[in-house]
Amino acid sequence: MRVVLAKHIGFCSGVRRAVKIVEDLLINNKKENIFCFGAVIHNQQVLEKLRKQGLKEVSSLKTIKSPAYLVLPSHGTSRDVIKLAKQKRLRIVDVTCPYVASVQNICKRLNKAGYQILILGDREHPEIKALLSIAPKAKVVNRTGEIKDLDFNLRLGVISQTTQSKEKFLSLINYLLNNKPLIKELRIFNTICLDSLSRQKEVVKLAKQNEAVLIIGSKFSANTKRLLGISLKFNSHSYLIEGLSSLEQILKNNFKSIGIISGASTPDWLVREIIERIKKED
Ligand code: SF4
């Protein structure tokens, strides 16, 4: 079996940075209470490891008392949570990816300048919830079809979730230009992060050139699910696997070639573990 490995595997820079900061915090503050608001990144194996090192995940700050550390996750946090954490005098350790933070700044600027804001993304994702806490009146859509019946102002700013697909973003912009003539000033910010764009490009190549594609990562990770969706368009033998257990069934198909890529929050060691197992098939 031929194994073709993508260039982009393992953590992206934002996730690597976040995990390193949290690990250092846990090592250097063993006696302290260290909480994280939600999942610091979206990968179960990494979260389990951090939990064992002492990180406590919380969905509310109600029961947390100072002194304690509060980690703000890589994909951003709503302003009301940050405000409450400050009121409670928690020691905030913000590991928001710099790329996500730059999108928040764009959103803030657009809002302040009076633009109506349109966000392409998943309303339930923490990254979008954080943006909505900055611009509560922003409209959020997950696909072009959802803007057909929406009314827009003269001045519109468009941004997207950092892990959105480029095709969906282009389709949305195209639709706005062709079907919403009342918008006289359209400001478009390509806020899909470079790492996501590179992985999206690579997965297309892998899907076209191999009999099957493995996308290693969590089913809770937006960018991993996106890679699966893109790959499936070109290759019906595309699989999202979270670990070795789901690999065995796939290997029974005896594919001649397998392309391998990972989501941005998948650790390198997990990718290596899976490659080692595949090599044993030969
Ligand atoms: S996928 Fe992009 S935006 Fe998300 S954490 Fe990684 S570098 Fe940052």
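How much area do domain 1 and domain 3 bury between them, and what share of it lies on carbon and sulfur atoms? In this predicted model, the two domains bury about 630 Å² between them, with 48% of that area on carbon and sulfur atoms. The size of an interface is often given as the accessible area lost when the parts come together.

The protein is divided into three domains: domain 1 takes in 2-10 + 194-279, domain 2 covers 13-96, and domain 3 covers 99-188. Between domain 1 and domain 3, the contact draws eight residues from domain 1 and nine residues from domain 3. The C-alpha centres of these two domains lie 30 Å apart.

A closer look at the interface begins with the side contributed by domain 1. Gln200, Ala222 and Arg226 together supply 55% of the area that domain 1 buries against domain 3, more than any other three residues. Zero salt bridges are counted between domain 1 and domain 3, whereas four residue pairs are in polar contact across this boundary, with both residues at pLDDT 80 or more. On the side of domain 1 that touches domain 3, the elements giving two or more residues are α7 (194-209) and α8 (222-234). The residues of that side divide into four nonpolar, three polar and one charged.

Around the ligand are Cys12, Gly14, Cys97, Tyr99, Val100, Thr162, Cys193, Ser196 and Ala264. This shell comprises six nonpolar residues and three polar ones, with no charged residues.

Turning to ionic pairs, the count for the model comes to 11 salt bridges. One of the 11 salt bridges is formed by Glu23 with Lys49, whose closest N and O atoms are 3.6 Å apart. This pair links distant parts of the chain, with Glu23 in helix α1 (residues 13-28) and Lys49 in helix α2 (residues 44-52), 26 residues apart.

Two details of the backbone also deserve a friendly mention. Most residues other than glycine have a negative phi, and most peptide bonds are trans. Against that background, a cis peptide bond joins Ser66 and Pro67, with omega at about 5°. Pro67 is placed in the loop between β3 (56-58) and β4 (69-72). The other detail concerns Arg89, a residue other than glycine with a positive phi, near 55°. Arg89 sits in the loop between α3 (79-87) and β5 (91-94).

Definitions and conventions. Residues numbered from 1 in each chain as written. Predicted model: local features only at pLDDT ≥ 70, side-chain atom pairs only at ≥ 80, totals over all residues. Heavy atoms only, no water. Domains from an automatic or database assignment. Contact = heavy atoms within 4.5 Å. Buried area = accessible area lost by both parts, 1.4 Å probe. Salt bridge = Lys/Arg side-chain N within 4 Å of Asp/Glu carboxyl O. Polar contact = N/O pair within 3.5 Å; in protein donor to acceptor, adjacent residues only side chain to side chain. Helix = DSSP H or I, 4+ residues; strand = E, 2+ residues; numbered from the N terminus. Nonpolar A, V, L, I, M, F, W, Y, C, P; charged D, E, K, R; others polar. Near = heavy atom within 4 Å.
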